[in-house]
Amino acid sequence: MKKTDTLMGRLGLGIASLCLAGAMTAGFAVAAPGIPHDFDSKGEKIFNRYNETPLPAMTGTDGKRTLNTFYELRQYPGSPPRIPHKIPTSFSGEIFECISCHGRGGYVAELDAYAPVTPHPENEACFQCHVPRLTEKLFVENDWQSIEPPVIGRPQLGGSPPPIPHSLQLREDCIACHTGNGAVAEIRVEHGSRGNCRQCHVPMVATKPVKEFTRPSK
Amino acid sequence: MTVKLDRRSFIKSAAATSAVATAASLFPGISFADWKKQTGSNGMITWKKAPCRFCGTGCGVLVGVSGDRAVAVKGDPKCSVNKGLCCVKGYHSVQALYGKDRLTRAQVRKNGKMVEVPVSEALDLIAAKMKETIKKHGKDSVAIYGSGQWTIPDGYVASKLFKGCIGTNNVEANARLCMASAVTGFLTSFGLDEPMGCYEDIENANVFVTWGNNMAEMHPVLFSRMLAARKRKKDVILIDFATRTTRTSQAADKSILFRPQTDLAVANAICHEIIRNNWVNWDFVNKHVSFHKGKTNIGYGLEDHFAFKDKAENMTFEEYKEFLREYTPEKVEKISGVPAKDIRYLASLYGDPKKKVTSFWCMGMNQHTRGTWINNLVYNIHLLVGKISTPGNSPFSLTGQPSACGTVREVGTLTHKLPHGVVMKEEARKMAAEIWDVPVSNIDPKPTYHTVEMFRALDRGDIRFMWIQVTNPMVTMPKLKRYRNGALKEDRFIVVSDVYPTPTTDVADVILPAAMWVEQEGMFGNSERRTQHFEQIVPPPGEAMSDTWQIIEVARRLGFEKQFPWGKDEYIGKIWEEYRRFHASPKHNMAPYEVLKKRSGVQWPFVNGRETRWRYNAKYDPAVSNGEEFHFYGKKDNRAWIWARPYEPAAESPDQEYNFWLNTGRVIEHWHTGSMTRRVPILHNAVPSSYVEINPEDAAELGVVNGEMVKIISRRGEIVMPASINGRGVPPRGMVFVPFFDEKYLINEVTLDAFCPISKQPDYKKCAVRLEKA
């Protein structure tokens, strides 16, 4: 474990990911001039990712990442995960370094794992939010408590598509986290071949109270 | 430190609901604890087929039934429309049956207040009121206003009662507001209504052009088919040609914006370029196309009693080419804002003989004061290059309601129509009289009012009694205030059949509780000529009954037992077989009842046991009889018609005082006025309220940030609602967009009731407003 928990596999993964797709951050659509790209919760990302990711890369079922390992890296649902693998202290956290593995995912021989894919590759200063852990010791103890993570797979009726339980902010690209070998097993979808995720899945944020419709009073 | 839930406590908390302990240990975090469980259920589900309740795509769904309740939905894998996939509305559609405020008892207005009465008493009152009104004010003072959500039997018995028995042509349906321009477009170009192609065009095309059509939200299942085809085939591109940037633009390879109304000019410019570059398919054009022009400066229908009749004149190709001289890409760039190079690019896609091109459109082209013209103009493009009636080459007009085609267009529930032909034609009247078993003199040869004029007649007092079924005009009529005030006038009697209270039931004198969707047997007809039968799958609540049966009950009370003789356990099948007689020809033959019951939808013309997928094409269409590859048999000259239709401006455009365009429409989560989808928890929570989309730069100038209130003011009225900036869609500068589903924000109080003079369909996409920070 110690041996593989390093960044040595970075180069190997870079090559693996190059095999998967072309330019990651280049926009796919030719938008109308003067119209911002980031509307509809940056929904363009889903369509771009869908077009750029080959089907085999969306259908992998490695299953090593689980919700438990996922939350172990986080302080609360939605917090940026810490970096679980070793990185050289000289490492600057530049986009190219991280994105070579986390842009498109792929197998990392040194870690014997598939790299998770970031849903927001356009944010280039990775270390702004994601930091490594150099010591397990705390400075002082802390009485931090988190809320429970959102319950997943909570469809409104048997077999209906579950709503999106989390906010879409920084998590706009469904395909990044929910398909392929790098995806957390419990939230990986089996139908990556569908391209318009929000055709069936709409946000119903777990931490927001459910509203009941009532007619406006006259 | 980490999220304070280790693996064990995680599993423990999930496993608390013991029934799912196994699932929970496999998938920690899954919980079904929030579900309200059905009492007395044995846990078994039976699956029954139905078409989806919502849009005109006509997805096949399987409704899961446990006991007498619908409990689940899945896509019907046997249905070729959606092949097992639905959208978020379809998957949750059965929840719309169970809103808490469901109407289950009849109500009658007594001393100004609605009181519950037995349904038979309400039906007696309706019949008595109709008799009294006809006696006092004549037969043309009673009217029925139905819907593209009417089942085919609903519309059929409405037409039979009003046109055949009572003898008034006061039969209209809300499809006038959504599909009338598509109909007149088809009739003027081809002589027969409804698309020549089918959804299989999607797997065959190389180029898709969406004309003012946000398919990603409005026809999401077809859109997914398109995306999947593009991904699989690699040589497919999607061009979004629209007035506003949407989810569809985001998925498109290229998004081209045009100024509202100027699609007319761009379509002509595309034809100009096709001819200039000699991309015309001469073999096709010489054999199958003729050239025509009609009247120009045709008005906007803003005044009461507006009348217009087009007059077709033949023209030569040279004259048509001369007409197009005004539409060079450079000139049209000035009108439309579309760069000349983009116009040339579009023309090159249509003109490339190696590419198969499908054009999709819906409300953008239909809700247009030149709706008929723009439909004609897009057909012109396809006809010039001969890209029509073959797999993948398809000008495809989509519908918005589940049976706008099936009920309104095919049954003909419009003032001038009969199930076969128009009231003006003696042959058509004779045929209807014979099948309906009424004297031919009953059927009035003169059409009365189209929808807007019908509500004007109600306001004026020419109509005194109106029965409204399966629709919500007090949200959807343009220039709403006039028509609501009209409905509320003294001595007007309004009957509303619906499933939930709405702004329309608010103006009713009688409310009839209706069976919804699979609480009754019926048929819908979708966008690709597919008739879809559904049986009664669950019982309707309380005293709710099908709209068909309500009409039958009233018809019998009016003395028409002979025309409405059927029993409650057989009436749908009997009605279908009677109706089918109207269409008995290879051009329109409908499948027999028994076939419909078995299959997940059947396309017409259904001839000798076979569906017709591409009309007018000898390979697929048994009605082709000229020995050629194509036969456009709808027109007397056996040709498809190319029309010279000019660009004319909108009825109202932004000016100094009212300096913004107002555009209205929908979102994926809500269907039309939201009376059903807002009662589905997941859909309401995803989009709980309407909003006004403003371009970020306009918002900055106005000093408004996301969510702040904005006042939208037009010459008709004003409304205050929250701003949405970079939300679901982004309008260009100088335009705002408002979804119309929310009865709290009645945007139609602001819109204009201008319509296409040929189709009489109003334009909900264009009027002038100004904005204030509220």
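User: How is the packing of helix α14 (residues 329-336) and helix α15 (residues 340-351) of chain B described?

Analyst: In this predicted model, α14 and α15 of chain B pack at an angle of about 115°, with their axes 8 Å apart. Axes are lines fitted to C-alpha atoms, for helices over the stretch in contact, and angles run from 0 to 180 degrees between N-to-C directions. Helices are DSSP runs (H or I, at least four residues), strands likewise (E, at least two), numbered from the N terminus.

User: What makes the contact between these two helices?

Analyst: Contact means heavy atoms within 4.5 Å. On α14(B) the residues are B:Pro329, B:Glu330, B:Val332 and B:Glu333, and on α15(B) they are B:Ala340, B:Ile343 and B:Arg344. They divide into four nonpolar, no polar and three charged. Here Ala, Val, Leu, Ile, Met, Phe, Trp, Tyr, Cys and Pro count as nonpolar, Asp, Glu, Lys and Arg as charged, and the others, Gly among them, as polar.

User: Why is the pair A:Arg215 and B:Glu743 called a salt bridge?

Analyst: A salt bridge is a side-chain nitrogen of Lys or Arg within 4 Å of a carboxyl oxygen of Asp or Glu.

User: What does the pair B:Lys139 and B:Asp444 tie together?

Analyst: Their side chains meet in a salt bridge (3.0 Å, N to O). B:Lys139 lies in the loop between α4 (119-137) and β6 (142-146) of chain B, and B:Asp444 in the loop between α19 (426-436) and α20 (451-460) of chain B, so the pair ties together parts that are 305 residues apart in sequence.

User: How much area do chain A and chain B bury between them, and how many residues take part in the contact?

Analyst: Chain A and chain B bury about 5900 Å², 57% of it on carbon and sulfur atoms. Buried area is the accessible area (1.4 Å probe) that two parts lose on being put together, summed over both. The contact takes 67 residues from chain A and 74 residues from chain B.

User: Which conventions apply?

Analyst: Residues are numbered from 1 along each chain as its sequence is written, and chains are lettered from A and ligands numbered from 1 in the order in which they are written. Local features need pLDDT of at least 70, side-chain atom pairs count only at pLDDT 80 or more, totals for chains, interfaces and linings use all residues, and side-chain values use heavy atoms, with hydrogens and water left out.
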